[in-house]
Every structure is written in C-alpha cells, then in structure tokens.
Amino acid sequence: MKKIMMILFIGFLGATMTAQEAKAKIEFKSDVIDYGEIAKGSDGVRQFEFTNTGDAPLIISRVYSSCGCTIPKKPEEPIAPGATGTIEVKYDTKRVGPIRKTITVYSNAEEATKAIKIKGTVLDASKSILEEKN
C-alpha cells in the first residue's frame with residue numbers, strides 16, 4: 001500500500017510541475033525615458049518599447065498616469081509571444097519646470113502592474129533669451 005501511495009504522489013507531483021500555465025511577460029527596453037532639457041511648447045511625445053518575452057499573448061488592459069499633464073496610450077491588440085509593442089506618452093510641455101511622472105501599466109503579465117517613468121526639465125525659452133541679453 002505504501003508503494004502505491006508513493007507512486008501516486010510522485011506521479012501527481014510530476015504532472016503538476018509539467019502542467020504550468022502559459023504566461024505573458026512584459027520587458028521594457030527602458031523603464032525610464034529622460035526628456036533631458038526641452039523647450040516650452042516642444043514635442044512631448046515619447047514611446048516606451050517593450051517585448052512580450054512570455055509564452056502567452058500579452059494584453060495591456062490599462063495605462064494610468066500619476067498626473068493629468070501626461071497622457072499615455074496603450075496598444076489595443078494583444079501582443080504575441082516574442083513580438084514588440086509600444087506605449088506612447090504625451091507630456092504637456094507648456095508646463096515649465098521639472099518632469100517627474102509615473103505611468104502604471106496593468107496587464108495579464110506575470111508582473112500584473114509595472115511602473116514606468118518619465119523625467120526631464122521643460123525650459124522657458126523666452127526667459128533664457130532675456131537672461132542672455134542682460
């Protein structure tokens with residue numbers, strides 16, 4: 001009886017180890033985009049590139065910004081295993097000063113929520129021209 005129980009236990013353990021569920025996995029080329037120093041009113045659009053390194057389609061359900069001045073745009077279609085995609089971020093460059101914003105990505109990946117960030121400084125070009133004249 002002990003031998004039968006041991007064989008059943010080993011068989012059950014082996015079956016559960018091989019029947020792992022397929023999962024998507026999101027890997028960003030970079031978790032941070034640095035705008036550097038940019039002029040007020042310049043192009044605030046940047047793209048985060050990522051790859052689905054898992055073995056199931058990646059579905060990004062939502063992207064959320066920590067501020068209304070940053071508008072993220074997610075891919076609408078699932079990203080196949082091995083394929084790449086982008087999340088577009090548009091920052092309102094009419095706001096002068098430092099940029100420090102977080103975008104949270106919600107998906108069906110192993111890591112269901114992922115934080116990506118933008119940083120930089122928006123300079124007021126008219127002030128710098130006046131400062132140079134003085």
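This is a predicted model: local features need pLDDT of at least 70, side-chain atom pairs count only at pLDDT 80 or more; totals for chains, interfaces and linings use all residues.
**Entry 1: Glu-27 and its partner**

I started with Glu-27, which is partly exposed at a relative accessible area of 39%. My cut-offs: buried is under 20% relative accessible area, exposed is over 50%, and partly exposed sits in between, with a 1.4 Å probe and protein chains only. The side chain of Glu-27 meets that of Lys-25 in a salt bridge, 3.8 Å from N to O. I counted a salt bridge when a side-chain nitrogen of Lys or Arg lies within 4 Å of a carboxyl oxygen of Asp or Glu. Lys-25 is partly exposed too, with a relative accessible area of 35%.

**Entry 2: What I'm looking at**

Residues are numbered from 1 along each chain as its sequence is written, and side-chain values use heavy atoms, with hydrogens and water left out.

pLDDT is the predictor's confidence in each residue, from 0 to 100. I get a mean of 87 for the protein chain, with 78% of its residues at 70 or more.

**Entry 3: Layout**

I looked up the secondary structure and found 2 helices and 8 strands. These are DSSP runs numbered from the N terminus: helices are H or I with at least four residues, strands are E with at least two. Starting at the N terminus, the order reads α-β-β-β-β-β-β-β-β-α.

**Entry 4: More salt bridges**

The structure has 5 salt bridges. In one of them, the side chains of Lys-114 and Asp-31 come to 3.4 Å, N to O. Lys-114 belongs to strand S8 (residues 113-123) and Asp-31 to the loop between strand S1 (26-28) and strand S2 (32-39), so this pair ties together parts 83 residues apart in sequence. Is Lys-114 buried or exposed? Lys-114 is buried, at 17% relative accessible area, whereas Asp-31 is partly exposed at 32%.

I also checked Lys-74, which forms a salt bridge with Glu-76, the closest N and O atoms being 3.6 Å apart. Glu-76 counts as exposed, at 63% relative accessibility.

**Entry 5: The inside**

Of the 134 residues in the protein chain, 31% are buried. I then went to the largest nonpolar core, which has 24 residues; Ile-87 and Ile-118 touch the most other members. Such a core is a set of buried Ala, Val, Leu, Ile, Met, Phe, Trp, Tyr and Cys residues joined through side-chain atoms within 4.5 Å. Among the strands that each supply at least two residues of this core are strand S4 (60-65), strand S6 (84-91) and strand S7 (97-107).

What does Ile-87 touch, leaving out residues up to four places away in sequence? The list includes Phe-28, Phe-48, Phe-50, Val-63 and Val-105. A contact here is heavy atoms within 4.5 Å. Of the chain's contacts with a separation of 6 or more, 65% are between residues 24 or more positions apart.

**Entry 6: One disulfide**

I found 1 disulfide in the structure, joining Cys-67 to Cys-69 with S to S at 2.4 Å. The cut-off is a pair of cysteine sulfur atoms within 2.5 Å. The torsion about this S-S bond is about 135°, so the disulfide is right-handed. Cys-69 is buried, with a relative accessible area of 4%.
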